[in-house]
Amino acid sequence: MDIRKLNIDETPPMDLLLLADPSHTLVEEYVQRGECFIAESDNQIIGIYVLLPTRPETVELINIAVVENQHGKGIGKQLVVNAVQTAKSKGYKTIEVGTGNSSIGQLALYQKCDFRITGVDIDFFIRHYPEEIFENGIQCRDMIRLSQDL
Ligand code: COA
């Protein structure tokens, strides 16, 4: 598997991006403002993440996703590790990520990759998404914010 930056003339794989965020509008906006990185195997795109500069020396990891039939094989972890390395090599001092209170696997993944929980944006998903979101039998209401010093 290779991980590389998506070229400017390549179309971002929207189906994959929408796995991580159901809002078409938000995804399109993030992709325009950030840098997209893709994981490829046998010329197929199997994973993606976006790095979005937010504040001075800070970048946010957003829209990380792996194609559904490849989940649980360690690709997500490799993408997070790659995102951290890429952010560091670009001179950022902090990398942040946010995920839903119901995203148990994602919370495990980020903490296994050395992110620490720094805060909770209460009712973020209620305020920004028109539909109720449920995962693991839990309503997704709050955004858990995590961060790592680089
Ligand atoms: N409890 C404990 N650990 C868990 C867990 C749980 N419930 N669920 C996942 N994990 C761990 C795995 O065990 C693994 O750690 P390990 O290597 O130490 O065993 C790690 O989390 C991630 O596993 P990995 O196989 O690398 O993840 P993946 O390739 O399936 O990708 C996602 C993870 C999140 C990218 C993938 O599930 C996905 O695309 N989801 C849809 C999009 C999405 O939700 N994106 C995130 C938005 S915040």
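A residue is called buried when its relative accessible area is under 20%, exposed when it is over 50%, and partly exposed in between. Keep that in mind as we walk through this structure, which is a predicted model.

Let's start with Glu57, which sits in the loop between E3 and strand E4 (58-66). Its relative accessible area is 48%, so Glu57 counts as partly exposed. The backbone here is worth a look too: Glu57 isn't a glycine, yet its phi is positive, at about 65°. Most residues other than glycine have a negative phi. Asp42 is another residue with a positive phi, near 50°, and again not a glycine. You'll find Asp42 in the loop between E2 and E3. With a relative accessible area of 71%, Asp42 is exposed, because the cut-off for that is over 50%.

Phe37 lies in strand E2 (residues 35-41) and Tyr49 in strand E3 (residues 44-53). Their rings form a stacked aromatic pair, 5.0 Å centre to centre with 15° between the planes. The two residues are 12 apart in sequence, so the pair ties together those separate parts of the chain. Both partners are tucked away from the surface: Phe37 is buried at 6% relative accessibility, and Tyr49 is buried at 0%. In total the structure holds four aromatic pairs. Elsewhere, Phe124, Phe125 and Tyr129 make up one aromatic cluster.

Thr99 belongs to strand E5 (residues 94-100), and at 7% relative accessibility it falls under the 20% cut-off, so it counts as buried.

A backbone N or O atom of Ile64 is 2.7 Å from a ligand nitrogen, while for Gly74 a backbone N or O atom is 2.7 Å from a ligand oxygen. Lys77 also uses its backbone, with a polar atom 2.8 Å from an oxygen atom of the ligand. How much of the ligand does the protein bury? Taken alone, the ligand exposes 980 Å², and the protein buries 68% of that.

Key. Residues are numbered from 1 along each chain as its sequence is written. This is a predicted model: local features need pLDDT of at least 70, side-chain atom pairs count only at pLDDT 80 or more; totals for chains, interfaces and linings use all residues. Side-chain values use heavy atoms; hydrogens and water are left out. Helices (H or I, at least four residues) and strands (E, at least two) are DSSP runs, numbered from the N terminus. Buried means under 20% relative accessible area, exposed over 50%, partly exposed in between (1.4 Å probe, protein chains only). Rings of Phe, Tyr and Trp (its six-membered ring) pair if their centres lie within 6.5 Å; planes under 30 degrees apart count as stacked, over 60 as edge-to-face and the rest as tilted. A polar contact is a pair of N or O atoms within 3.5 Å; within protein, one must be able to donate a hydrogen and the other to accept it, and residues adjacent in sequence count only if both atoms are side-chain atoms. Accessible areas come from the Shrake-Rupley method with a 1.4 Å probe; for residues, only the protein chains shown count as cover.
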